[in-house]
Amino acid sequence: MKDILMRFSQSLQEFQFECIGDAETDDEISIAQSLKEFSQLLSTMEEERKRLIQNADDVLISPLERFRKEQIGAVKEGKKQFDKETERYYSVLEKHLSVSSKKKESQLHEADSQMSKDRQVFYDASLQYVFKIQEVQERKKFEFVEPLLAFLQGLFTFYHEGYELASEFEPYKQQLQFNLQNARNNFESTRAEVERLMKRIRSAEEDFKAPSCFTMEGYLYIQEKRPLGSVWTRYYCTYQKSSKMFTMSNTESRPASRQNGVVNGTPEMFRLRSCVRRKRDSIDKRFCFDIEVVERHGVITLQALSEANRRLVAFCLTAFLNEAGLNFVKKCIELVETRGLTTLGLYRTGGVNSKVQRLMTTSTAPADMQLDADIWDNKTITSGLKNYFRCLAEPLLTYRLHKEFIRAAKYDDQTYRVRAIHALVHKLPEKNRSMLDLLTNHLHKVSSHSDQNLMTVSNLGMIFGPTLMRSQEETVAAMMNIKFQNIVVEIIIENHHKIFGEAPDLSVPLPQAPSTRSTPRRSKAICLSSGKRKARLYPPALCLADNDSESFCSLPLREYGFTQQQLFDSYIILLMVSLLSLRDAKALYSCEAEHSHELSFPQGALFSNVYPSVEPGWLQATYNGKTGLIPENYITYL
């Protein structure tokens with residue numbers, strides 16, 4: 001068993017996880033180093049076990065063996081001497097009793113005198129033997145019990161050392177569980193993004209159509225003012241979101257400019273400035289909207305082929321940062337904050353897609369339009385807000401700074417990360433930085449209520465990381481950096497007041513962040529205590545208190561500050577905790593799982609093995625043979 005444990009410890013020390021990608025997150029590094037920490041812990045426990053065995057030999061086995069050899073061995077020797085003297089005495093006594101009475105008086109007197117001496121020798125041997133037996137019987141009472149008590153003291157010391165190890169290990173264990181949960185969530189997030197990428201690549205007919213490079217194209221009717229009124233002319237229009245270029249080709253020109261139904265004339269090209277929906281009472285046509293372009297004064301009024309078509313066109317034209325988008329984001333945030341930020345799973349649970357799409361059409365509405373709190377619920381608002389940032393032509397943190405943000409997140413030193421990201425945020429365009437300030441200030445408020453809504457900075461980073469940052473090249477390699485996108489957003493949320501309230505300190509240059517880790521994974525184990533552990537002393541003998549002592553606790557316990565009663569009480573408490581930590585519970589409400597590590601259950605469901613989870617507000621439980629997370633406020637203990 002000893003050899004197996006040591007080999008296992010050695011294997012853990014030498015084992016290394018392989019990393020896909022050029023860098024690892026703090027969570028991944030911590031998880032990798034945990035094996036070395038486990039190895040160190042197992043080695044320490046094995047050393048303590050060896051000390052316990054040595055202590056058993058020193059304080060129990062050796063003293064008892066000494067007692068057997070010295071005391072019991074002396075009694076055996078005494079018995080041999082006694083038996084020898086007894087045999088001789090009774091032999092002499094028989095001879096003495098057979099002496100004839102006719103012998104001379106002097107001879108008889110001499111025989112009696114000799115007999116008295118022999119009897120005295122026999123009595124002395126008998127007394128010596130009895131004394132030795134009594135001595136052994138009396139010495140047994142302490143020579144046997146005292147080593148046993150000393151052994152038990154060593155056993156208590158061994159278990160107390162285990163308790164100290166467990167106490168020192170507890171904070172590390174909790175942090176490691178948090179790292180594991182983050183790694184699991186990052187995995188789920190990355191996998192979802194990769195699956196979406198694979199789906200887009202596979203749907204070549206829809207996403208990679210060769211004939212067109214435009215975001216949207218099709219027919220629209222455009223109002224043209226004439227001296228005697230206005231007419232509606234059909235144009236074939238295209239729009240490219242990345243360049244904001246809007247082109248119009250007249251399809252109702254004279255036949256000479258048409259060939260097989262295709263207009264050969266030169267199209268008009270404009271750079272789009274804004275897009276606003278026309279109110280019904282302002283025009284007698286349906287499905288209308290106005291656009292402003294850089295090259296013309298005033299507005300151009302267009303008519304779509306249907307309301308659904310109008311909404312789609314308007315959203316595609318306006319899915320970039322402008323005043324309308326800023327107003328939309330402000331309205332969403334105001335409504336969410338007015339209702340309160342304690343809603344469970346805020347920004348984590350999605351709304352109904354049809355309602356979200358309907359909400360998105362209001363992103364092109366005039367600035368004075370208000371969101372009706374009776375119509376839009378929190379799930380729809382938060383989903384619409386995420387969808388707005390996801391559909392921007394360029395992510396909020398820009399393609400230009402994407403790689404720099406990723407490199408900043410890969411710094412080993414947390415201080416360098418914050419400083420680098422702080423500086424990069426101030427390199428963003430003004431409108432991007434203003435929008436980011438507005439959003440992350442709101443998310444910082446959300447995270448401050450994480451004890452109720454369960455939306456920690458880490459959870460919000462996983463939700464908004466792929467939304468606010470994305471690589472311009474949609475490759476699997478880029479998807480591997482999603483975990484670092486999450487870290488960037490986490491840092492901005494957590495340090496919002498510093499990043500947006502202070503100018504970055506550029507006086508101290510940052511070290512060059514390597515594109516790949518320059519050194520292999522750190523091999524040094526995380527230390528549980530500040531220094532080298534002090535070897536626990538196992539006393540060779542138990543020091544009992546004197547009669548004048550105020551306490552009968554042993555010296556080692558007094559050294560640790562524990563009395564025997566306190567030690568006993570602590571063991572009782574630990575036993576009670578171990579018995580109470582796994583409980584049964586009943587569901588007060590039904591719940592639908594949103595992630596693979598959560599449980600779905602109906603109202604009245606019965607759970608077993610319920611105990612607190614690392615994630616605040618959640619419990620670990622078993623239901624129908626499956627173990628996962630359940631909301632703490634959804635159950636009552638039985």
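## Close-up views of a predicted model

**View 1. Helix α14 packs against helix α16 at an angle of about 120°.** In this predicted model, α14 covers residues 457-468 and α16 covers residues 482-494, and their axes lie 7 Å apart. The two helices are therefore oblique to each other. Their crossing is right-handed. On the α14 side, the contact is made by Val-457, Ser-458, Leu-460, Gly-461, Met-462, Phe-464, Gly-465, Pro-466 and Leu-468. Facing them from α16 are Ile-482, Gln-485, Asn-486, Val-489, Glu-490, Ile-493 and Glu-494. By type, the contact residues comprise nine nonpolar, five polar and two charged.

**View 2. Phe-484 is a buried residue of the predicted model.** Phe-484 belongs to helix α16, and its relative accessible area is 1%. Leaving aside residues up to four places away in sequence, Phe-484 touches Ala-23, Glu-24, Thr-25, Ile-406, Ala-409 and Lys-410. Gly-461 lies 23 residues from Phe-484 along the chain, and the C-alpha atoms of these two residues are separated by 9.7 Å.

**View 3. Glu-65 and Arg-68 form a salt bridge through their side chains.** The N to O distance is 2.5 Å. Both residues are part of helix α2, which spans residues 26-97. Glu-65 and Arg-68 are three residues apart, about one turn of the helix. Glu-65 is partly exposed, at a relative accessible area of 32%. Arg-68 is also partly exposed, with a value of 43%. In total, the structure holds 20 salt bridges.

**View 4. A salt bridge joins Arg-348 to Glu-598.** The closest N and O atoms of this pair are 2.7 Å apart. Arg-348 and Glu-598 are both buried.

**View 5. Asp-377 and Lys-355 are partners in a salt bridge.** Their closest N and O atoms are separated by 2.9 Å. The pair links distant parts of the chain, with Asp-377 in the loop between α8 and α9 (378-390) and Lys-355 in helix α8, 22 residues apart. Asp-377 is partly exposed, with a relative accessibility of 29%. Lys-355 is likewise partly exposed, with a relative accessible area of 23%.

**View 6. Phe-287 and Leu-454 have positive phi values.** Most residues other than glycine have a negative phi. At Phe-287, which is not a glycine, phi is near 60°. Phe-287 is located in the loop between β6 (268-277) and β7 (288-293). Leu-454, also not a glycine, has a phi of about 65°. This leucine sits in the loop between α13 (450-453) and α14. Leu-454 counts as buried because its relative accessibility is 3%, and the limit for a buried residue is under 20%.

Note on methods: Residues are numbered from 1 along each chain as its sequence is written. This is a predicted model: local features need pLDDT of at least 70, side-chain atom pairs count only at pLDDT 80 or more; totals for chains, interfaces and linings use all residues. Side-chain values use heavy atoms; hydrogens and water are left out. Axes are lines fitted to C-alpha atoms, for helices over the stretch in contact, and angles run from 0 to 180 degrees between N-to-C directions. Helices (H or I, at least four residues) and strands (E, at least two) are DSSP runs, numbered from the N terminus. Angles under 35 degrees count as roughly parallel, over 145 as roughly antiparallel, 65 to 115 as roughly perpendicular and the rest as oblique. A crossing is left-handed if the near helix is turned anticlockwise from the far one by less than a right angle, and right-handed if clockwise. Contact means heavy atoms within 4.5 Å. Ala, Val, Leu, Ile, Met, Phe, Trp, Tyr, Cys and Pro count as nonpolar, Asp, Glu, Lys and Arg as charged, and the others, Gly among them, as polar. A salt bridge is a side-chain nitrogen of Lys or Arg within 4 Å of a carboxyl oxygen of Asp or Glu. Buried means under 20% relative accessible area, exposed over 50%, partly exposed in between (1.4 Å probe, protein chains only).
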